[in-house]
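Hi everyone, thanks for making time.

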Amino acid sequence: MSGFFSFLKGTTARATALLVLIVSVSILITATLGYFKLYEVTATNSAIRIDRAARAATALFAERLASEFTAIRDENGRPQALQLKGTDTEAALSFRQDHDALLKEIGAINQGAANLFRLNPETQAFDRFATTFRKPDGSMPPPMSIGILHPAYDNLINNRPHLGEVPVMGRLRLAYLTPIQAASGAVAGALAVDVGWVDDLVAAKTELRWQIIVAAGLILVLVAAFGAAGMGAEMKPLRVLARYADDLAAGVPSGAVPYSTRDDEIGALAQGLKRVVALQDKLAHLAYTDSLTGLSNRGRYLSDLDTALRESLSGKRKWALIHLDLDKFKKINDAYGQTAGDSLLKEVASRIKETAGDGARIARLAADHFTILIGDGRSTDQASALAGKLLSALHQPIELRAGEFHVTGSAGIVLLQHDARDADEAHRNAGLALRKAKATGDRAVIFSSELHDESENNIRIERMLRLAIQEREIEIHFQPQIDPATNQLAGVEALARWTHPAEGPISPGLFIPIAESSGQIVDLGTLILDLACEQAAKWREKNFDFKHISVNVSPIQLWQSNFVAVVKDALKRHGLSGNEICIEITEGVFVDQSERRIETVLSAIRELGVLLSLDDFGSGYSSLGYLNRLPFDQLKVDRSFVSDIDTDVRKQKVLRGILELGRGLGFSIVIEGAETGEEVAVIRQMGCDAIQGFYYSRPAPALLIPEVVKKIARSQPASDARTA
Ligand code: C2E
Ligand code: MG
Ligand code: MG
């Protein structure tokens with residue numbers, strides 16, 4: 001039903017309705033014209049016929065009954081009244097066989113009826129005395145009179161003929177009533193002639209009208225049916241093209257555009273649609289392709305991820321998502337320029353494509369960040385095997401015009417059916433796994449819920465830390481650096497301490513990396529530098545000879561454009577000279593930066609008189625070249641070289657080597673992490689400027705430090721204690 005109503009709204013229905021309307025109007029006009037013409041002709045013919053019938057009857061009367069009647073004629077000689085010759089009106093106008101026979105003849109000739117009337121002088125009505133009418137049984141009909149109310153009366157009583165419809169037996173007949181005059185000329189009666197029932201004419205007209213209506217109706221039904229069918233067939237291509245355009249807009253693939261070979265308006269429309277399809281394909285290609293590598297871009301990645309996720313969750317196919325990122329790509333870009341960087345990315349893209357195979361969907365999201373969706377990521381083993389293959393494919397040297405490059409990458413893996421409820425979560429979890437992998441580089445990490453918990457916890461800590469910095473909840477403790485030969489203080493290191501009101505103490509090993517990744521390290525570092533300078537000023541005032549306070553500085557702080565100004569300002573505010581502060585930088589400072597930049601910043605710090613120490617030496621990215629060229633004053637040998645040094649002969653050799661190298665380059669040397677007297681004794685024999693370790697003291701609040709230092713100075717040097 002609703003289909004029918006919607007059909008009515010369509011062009012086909014409107015065109016059909018218009019057609020039907022036009023045809024109806026045409027039929028109505030022609031039928032009305034025909035009908036009225038017929039009406040007019042019928043009326044004229046009847047009038048002529050009745051006129052002739054009446055006059056012929058009058059003439060016949062005058063002729064046959066010439067002894068009694070004479071015909072009065074008009075100027076054209078046409079009989080218009082009968083006149084009695086004799087004076088006995090009553091005898092002449094009463095029923096007689098010859099009258100009856102004549103009437104019958106007249107009736108037969110006219111195919112109608114004939115009657116004779118006589119004026120009753122008493123009633124002044126015209127009484128019928130002879131007629132051609134008979135009852136069905138053949139007997140005479142009941143008497144009848146033309147009284148004052150009869151339509152013919154007025155004419156007859158005034159001696160005039162009457163032409164018109166007269167009531168007969170409850171119906172109408174078209175009749176001509178000719179007056180019959182007495183010899184005196186006064187009206188005496190009438191001869192009435194008719195040509196049949198008017199109703200028959202009316203009935204014929206009505207029948208004609210009905211025939212016209214039925215014929216017109218039939219024509220209209222045919223027009224509507226064939227019109228609608230024909231119109232519907234003509235409109236079908238339009239409907240098909242409209243559906244095609246609809247599907248096109250909805251992104252439903254619908255094959256080639258239909259009717260495009262037709263040579264008419266439909267063909268032109270289809271050709272237009274074809275051009276739209278081509279344009280859409282072109283736009284889709286541009287919108288979903290990474291122009292540098294020809295891989296998919298972020299938009300396509302997101303839609304592929306959506307599809308893969310749906311298939312994974314429904315169990316149709318199990319997909320794994322790999323996020324792959326090059327390690328230290330920025331360094332190559334900075335050092336060799338964007339063109340070399342682009343060429344490298346292209347080569348990496350083609351290696352990923354080759355290794356991942358045809359079924360994989362590969363995209364590049366940003367600079368060196370690639371994503372790979374593989375459809376057979378059924379198990380963690382399969383997914384990590386592929387990630388491993390991808391990473392080893394990167395190991396082959398890459399030949400570019402700028403030279404030969406060695407790159408490594410990191411990968412984060414998510415099994416979609418296990419670890420993602422939606423695309424957002426899949427993307428986030430792969431990112432988390434990748435970040436974990438990147439911490440060491442050149443490895444693949446599979447996402448696990450612990451990773452997620454860790455990241456949630458980190459986010460929580462990040463939020464708490466922001467508040468802690470604002471409220472200056474962070475404090476510093478100090479750990480003495482002791483000259484093992486004399487047990488005298490050589491300096492102190494400031495170490496950040498955070499005790500959260502609800503969570504208790506939180507280790508710097510946890511919150512410093514979070515501060516670094518969230519950027520809060522800049523504010524935190526400035527706060528700690530300020531606290532350290534404040535303490536230095538206090539100790540100086542109390543004449544406690546702390547030598548210098550070492551402050552740890554993150555590479556991120558160092559790359560702030562105002563870092564040197566911040567240090568200068570802190571020194572100035574607390575009235576310190578540069579050499580009362582030492583800045584400790586880890587080897588991480590050498591990652592992702594050009595040597596020139598490192599040198600510029602370090603020299604600017606050195607110019608303030610501030611000491612520079614290379615922290616955790618030997619634990620990471622050691623470059624002896626840097627050591628030689630950069631303005632460090634002090635090397636802090638990493639704790640890993642010290643533990644069990646008293647029993648591990650190889651470690652002793654390594655440490656001895658490091659010490660010789662450092663001394664040879666003119667650095668003062670601090671050794672970190674000596675916990676036992678035995679370790680201290682071995683180090684002392686090798687000779688170094690200071691030891692910072694639990695053996696002497698754990699980090700402690702500033703207030704306790706002078707006392708701790710005094711105690712150490714009073715105690716025997718470690719080896720002496722042992723030999724004593
Ligand atoms: P670091 O700069 O190498 O500091 C020395 C770390 O070794 C300190 O840990 C210290 O408590 C610990 N340590 C000293 N002697 C011994 C020992 O004999 N045995 C053992 N097992 N450990 C010893 P802490 O305070 O937990 O700090 C850890 C790291 O956090 C620091 O290593 C430093 O890299 C970072 N850090 C601490 N405070 C700050 C800060 O204010 N700013 C920045 N950027 N980093 C900081
Ligand atoms: Mg340090
Ligand atoms: Mg250290």
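Glu311 sits in helix H8, residues 298-314, and at 17% relative accessibility Glu311 counts as buried. Buried here is under 20% relative accessible area, exposed is over 50%, and partly exposed is in between, with a 1.4 Å probe and protein chains only. Helices (H or I, at least four residues) and strands (E, at least two) are DSSP runs, numbered from the N terminus.

Quick housekeeping. This is a predicted model, where local features need pLDDT of at least 70 and side-chain atom pairs count only at pLDDT 80 or more, while totals for chains, interfaces and linings use all residues. Residues are numbered from 1 along each chain as its sequence is written, chains are lettered from A and ligands numbered from 1 in the order in which they are written, and side-chain values use heavy atoms, with hydrogens and water left out.

Okay, the overall layout. The chain splits into domain 1 (2-43 + 202-288), domain 2 (64-200), domain 3 (298-447) and domain 4 (475-496 + 519-714). Those bounds come from an automatic or database domain assignment. Taken over C-alpha atoms, the centres of domain 3 and domain 4 are 40 Å apart. For another sense of scale, take Ile372 and Ile29: 343 residues apart in sequence, and 78 Å apart in space, C-alpha to C-alpha. Ile372 is in strand S11, residues 369-374, and is buried at 0% relative accessible area.

Now the metals. Which residues hold the magnesium ion that is ligand 2? Its protein donors are Glu493 (OE), Asn552 (OD1), Glu584 (OE) and Asp615 (OD), at 2.1 to 2.2 Å. Donors are N, O and S atoms within 2.8 Å of the metal (3.2 Å for Na, K and Ca); water is not among the atoms, so sites may look incomplete. Along the chain, the spacing of these donors reads E-x58-N-x31-E-x30-D. Distant parts of the chain are linked here: Glu584 is in strand S20 (residues 581-586) and Asp615 is in strand S21 (residues 611-617), 31 residues apart. Both are buried, Glu584 at 1% and Asp615 at 5%.

The other magnesium ion, ligand 3, has Asp615 (OD), Asp616 (OD) and Glu672 as protein donors, with Glu672 listed for two OE entries, and the distances run from 2.0 to 2.4 Å. In sequence the donor residues are spaced D-D-x55-E. Asp615 lies in S21 and Glu672 in strand S23 (residues 668-672), so this pair ties together parts 57 residues apart in sequence. Glu672 also counts as buried, at 11%.

Next, ligand 1. There are 22 residues around ligand 1, and Arg497, Asn552, Asp615, Glu675 and Phe694 come nearest; a residue is near if one of its heavy atoms lies within 4 Å. The side chain of Asn552 puts an N or O atom 2.8 Å from an oxygen of ligand 1, and a polar side-chain atom of Glu672 is 3.1 Å from an oxygen atom of ligand 1. The protein covers 83% of the 790 Å² of accessible area that ligand 1 has on its own, by the Shrake-Rupley method with a 1.4 Å probe; for residues, only the protein chains shown count as cover. Strand S17 gives the most to this shell, with four residues.

Gln111 is in the loop between helix H4 (97-110) and strand S3 (114-119), and is exposed at 64%. Asp644 has a positive phi too, about 65°, and counts as partly exposed at 47%.

Key
Polar contact = N/O pair within 3.5 Å; in protein donor to acceptor, adjacent residues only side chain to side chain.
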